[in-house]
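Open the model in your viewer and follow the stops below. Each one gives a selection and what to look for there.

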Amino acid sequence: DNDTFTVKYTPPGAGHYTIMVLFADQAIPMSPLRVKVDPSHDASKVKIEGPGLNRSGVEMGKPTHFTVNAKGAGRARPNAVFTGPAKGEAVRDLEVVDNHDDTYTVKYTPVQQGTLAVGVTYGGDNVPKSPINVAVAPSVDLSKVKINGLNDKVEVGKDQEFTVKSKGAGGQGKVAAKILGPSGKAVPCKVDAGLSPDNSLVKFIPAAEGPYQVDVTYDGIPLPGSPFPIEAVAPSNPSKAKARAYVQASVYFMF
């Protein structure tokens, strides 16, 4: 029908719009029209998570990332803004990758030590929890990590303990240990805090004779020389060998 016209338009954003309809330069009846445009997205439904937002912090100069999950939040574009403790760029190599499944990966490398404020928006609106403060630790220097008290030979059944000193090593200071026994199976071990924040104590008890492998990491990175080989030998005084036993006692009453 030549007397019918279709007008198509795309509103640039949410809000109230006024539409003027003219015919032969004259407003038609009912013009202007008032139209309310609802948002095309809901930033409150967006979730952000990943190692780049860890409460334990990140490491200066080390690439990291986090995920923006916008499933069910409508169509919009995410954005991330980083503010460091000092002037100048707080991060480098910033990249927002569209995973084409309503999720996005934000990649960045922190370049300032201290507290990094991470602001995330979706369609220009702040997402829940944003901005998030992330602690940026100094770069790791494994040459500053020292091990004291780890002997080449240890006695079976005797408590063993060695110290990992990490003063000036930077990073997040996470010390971990894994010990494999002669059979290749993991030996229970425990890492405790030492007398100072940069000291950690590793404790274990070798249960059988033979070679052991002691793997020590700092912030997930193996220390130079790790795993360290040690040998468990029979105790020099068997009567003093450590043993664990459960004794069940029976009590009889005579009437």
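Start with β14 and β16: the two strands run antiparallel and are joined by three bridges. Select Asn148 next; its bridge partner in β16 is Thr163. Keep in mind throughout that this is a predicted model.

Now widen the selection to the whole sheet. It is open and has four strands, in the order β14-β16-β20-β19, with antiparallel pairing. Colour β14 (146–148) and β19 (189–193) separately: these are the edge strands, and each pairs on one side only. Look along the sheet for the twist, which averages 25° from one strand to the next.

Is Ser166 buried or exposed? Its relative accessible area is 8%, under the 20% cut-off, so Ser166 counts as buried. Show its surroundings: beyond neighbours within four places in sequence, Ser166 is in contact with Lys144, Val145, Asp198 and Tyr218.

Move on to the largest nonpolar core, which has 25 residues. Which members touch the most others? Select Phe66, Val68, Phe82, Leu116, Val118 and Tyr122. Then show the elements that give two or more residues to this core: β7 (64–69), β8 (78–83), β10 (103–110), β11 (114–122) and β13 (132–137). β11 gives the most, with four residues. Another core, of 21 residues, lies apart from this one; Val145, Phe162, Val187 and Val216 are among its members.

Go back to Tyr122 and display its contacts. Leaving out residues up to four places away in sequence, they include His41, Val46, Arg75, Pro78, Tyr104 and Val127.

The last stop is the aromatic rings. The count comes to two pairs. Take Phe66 and Tyr108 to begin with: the pair is edge-to-face, 6.4 Å centre to centre, with 65° between the planes. Phe66 sits in strand β7 and Tyr108 in strand β10, 42 residues apart, so the pair links distant parts of the chain.

With Tyr108 it forms a tilted pair, 4.6 Å centre to centre and 40° between the planes. This pair also links distant parts of the chain, with Phe82 in strand β8, 26 residues from Tyr108 in strand β10. Phe82 counts as buried too, at 12% relative accessibility. Finish with Phe66, Phe82 and Tyr108 selected together: ring pairs link them into a cluster.

Terms used. Residues numbered from 1 in each chain as written. Predicted model: local features only at pLDDT ≥ 70, side-chain atom pairs only at ≥ 80, totals over all residues. Heavy atoms only, no water. Buried < 20%, exposed > 50% of the residue type's maximum accessible area, 1.4 Å probe, protein only. Contact = heavy atoms within 4.5 Å. Core = buried A, V, L, I, M, F, W, Y, C linked by side-chain atoms within 4.5 Å. Pairing = 2+ DSSP bridges. Axes fitted to C-alpha atoms, helices over the stretch in contact; angles between N-to-C directions. Phe/Tyr/Trp six-rings, centres within 6.5 Å; stacked < 30°, edge-to-face > 60°.
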